[in-house]
Amino acid sequence: MDFEWAPEEAEFRHDLKTFLEAELPENFDAFAMEPDEQKAFSKAFAVKLAEKRWLTPAWPKEYGGLAQGPWQQLILSEEMVAHGEPRTAQYMCVNWVGPALILAGNEEQKAYHLSRISRGDVVWCQGFSEPGAGSDLAALRTKATWDGSEYVIEGEKVWTSYADTADFCFLLARTDPDARKHHGISIFLVPTDAPGLTISEIPSIFSAGTFNQCVFDGVRAPEAWRLGPENGGWPIIRQLLVNERVGVARFRRAAETLDRAAEAAREAGLLADPVIAQALAMARAACEAARVLIYRVVDQRAKGEAPEETAYVYRVATIRAERAVYEATVQVEGSGALLKGSFGAQQFGHALASGVATGTLEMQLNLIARDVIGGGRK
Ligand SMILES: Cc1cc2nc3c(=O)[nH]c(=O)nc-3n(C[C@H](O)[C@H](O)[C@H](O)COP(=O)(O)OP(=O)(O)OC[C@H]3O[C@@H](n4cnc5c(N)ncnc54)[C@H](O)[C@@H]3O)c2cc1C
């Protein structure tokens, strides 16, 4: 078995690193920027990446990609995350909105939307969660009712990241209220300036501008905005959730923070303390476990296999890695971990978000119990 990177993969990583190091300041972290500054920066940076076709390298060439494989996609994610994720909102477009369009879009939708994403011209947001539908996403109640000429959308979405800056919302709505809950859902590609859509900020413990509420009050949606078959949204959603769960190499950001915290501990002479040394070692082992598991997902993809179950296991491993790194930073910094700018404060937000966004830790464990241990959906 050969564990080395192929020459073209090593070259891609090298070229990416060289580019990122030239373009970004040392220890750049997009998440430490003020919201408006971050949004403007990521938009401009996405265009620079797009010029090299590095925003969507895994996409087919006709849609603005380089037709690279899953390993290059992973390398891209690792290097972006290791360099402070300068793409921010774009991760969503390139990791799962675009792939969902490639999977289920008609020719007009692909031609219109994919070229805009691969040029870095647009930002999307994800209109999934509702006040009564988070973990149980299929319980969503936002409805799209056909009135004979158009759909009329009514409902409320919450926790919608980037909605305030997005051009489009990837919206889930119920089109058949009488069908079993997974069977009556459709997907709509809604411009955020559509009349009847109101977006407002939800205050949160994360930085300002993180979350939004989107109220749909009689938004009129032509049939052309529907992605995939009416009432056939769920199988598409399941695939895109796998892409979302593995799309960001979160373990890599955690490992970078851990390395810097370990270096600070070494400089302060703290490594002689067995509690601190063990916390750092446990966190390093957790990051490595997550790395190996995502490589397994990528390997399955490269072989054309469906990685759904491995993706749940990876997601749990990466959440645990992020939490272990947070615990290690607290051991190193003590009460200093509460201060703004500390390793602990930085990692707290990431560890917290990781265990909730794109399905909570408990839900990933439920999925493992059902599909990995329990023999699948009955
Ligand atoms: C940083 C961040 C960004 C986000 N961005 C978006 C976005 O862009 N778009 C979007 O649509 N949503 C977004 N979300 C929302 C996210 O998807 C939901 O918060 C998540 O799915 C959980 O849903 P909920 O908040 O309604 O919690 P609930 O579903 O109410 O869960 C509350 C608690 O109960 C537990 N629980 C619930 N059901 C079960 C069960 N069956 N078994 C065991 N435990 C259970 C959960 O694990 C959790 O601990 C984001 C969230 C975060 C933190």
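1. The structure holds 1 cavity of 30 Å³ or more. A cavity is a set of points, on a 1 Å grid over the protein atoms alone, where a 1.4 Å probe fits but cannot get out. About 70 Å³ of space lies in the largest cavity. Such a volume is the space filled by probe spheres set on the points, with grid points joined across faces, edges and corners.

2. A word on the source. This is a predicted model, in which local features need pLDDT of at least 70 and side-chain atom pairs count only at pLDDT 80 or more, while totals for chains, interfaces and linings use all residues. Residues are numbered from 1 along each chain as its sequence is written, and side-chain values use heavy atoms, with hydrogens and water left out.

3. Which residues line the largest cavity? Among them are Leu55, Trp59, Gln73, Arg87, Asn95 and Gly247. Lining residues have an atom within 4 Å of a point. Helices H3 and H4 each supply at least two residues of this lining. H3 gives the most, with 3 residues. Helices here are DSSP runs (H or I, at least four residues), numbered from the N terminus. By class, the cavity lining has 6 nonpolar, 5 polar and 1 charged residues. Ala, Val, Leu, Ile, Met, Phe, Trp, Tyr, Cys and Pro count as nonpolar, Asp, Glu, Lys and Arg as charged, and the others, Gly among them, as polar.

4. Now the second largest pocket. About 750 Å³ of space lies in it. Of its 31 lining residues, the closest to the centre are Gln73, Pro99, Gln239, Asn243 and Arg301. A pocket is an open set of points with protein on both sides within 12 Å along at least five of seven lines.

5. Which helix gives the most to the lining of the second largest pocket? H6 does, with 8 residues. Helices H3 (70-82), H4 (90-104), H6 (233-247) and H8 (274-302) each supply at least two residues. The lining divides into 18 nonpolar, 9 polar and 4 charged residues.

6. The domain assignment gives domain 1 (7-88), domain 2 (125-231) and domain 3 (249-373). Such bounds come from an automatic or database assignment. Why does the second largest pocket lie between domain 1 and domain 3? Because both domains give residues to its lining.

7. The centres of domain 1 and domain 3, taken over C-alpha atoms, are 22 Å apart. In domain 1, 12 residues are in contact (heavy atoms within 4.5 Å) with 15 residues of domain 3. The area buried between the two domains is about 1200 Å², and carbon and sulfur atoms give 64% of it. Trp71, Glu78 and Val81 supply 40% of the area that domain 1 buries against domain 3, more than any other three residues. Buried area is the accessible area (1.4 Å probe) that two parts lose on being put together, summed over both.

8. Salt bridges come last. The rule asks for a side-chain nitrogen of Lys or Arg within 4 Å of a carboxyl oxygen of Asp or Glu. The count comes to 23. Across the interface of domain 1 and domain 3 there are 2. Arg252 forms a salt bridge with Glu79, with the closest N and O atoms 3.7 Å apart. Arg252 also meets Glu78 in a salt bridge (3.8 Å, N to O). Glu78 lies in helix H3 and Arg252 in helix H7 (residues 250-267), so this pair ties together parts that are 174 residues apart in sequence.
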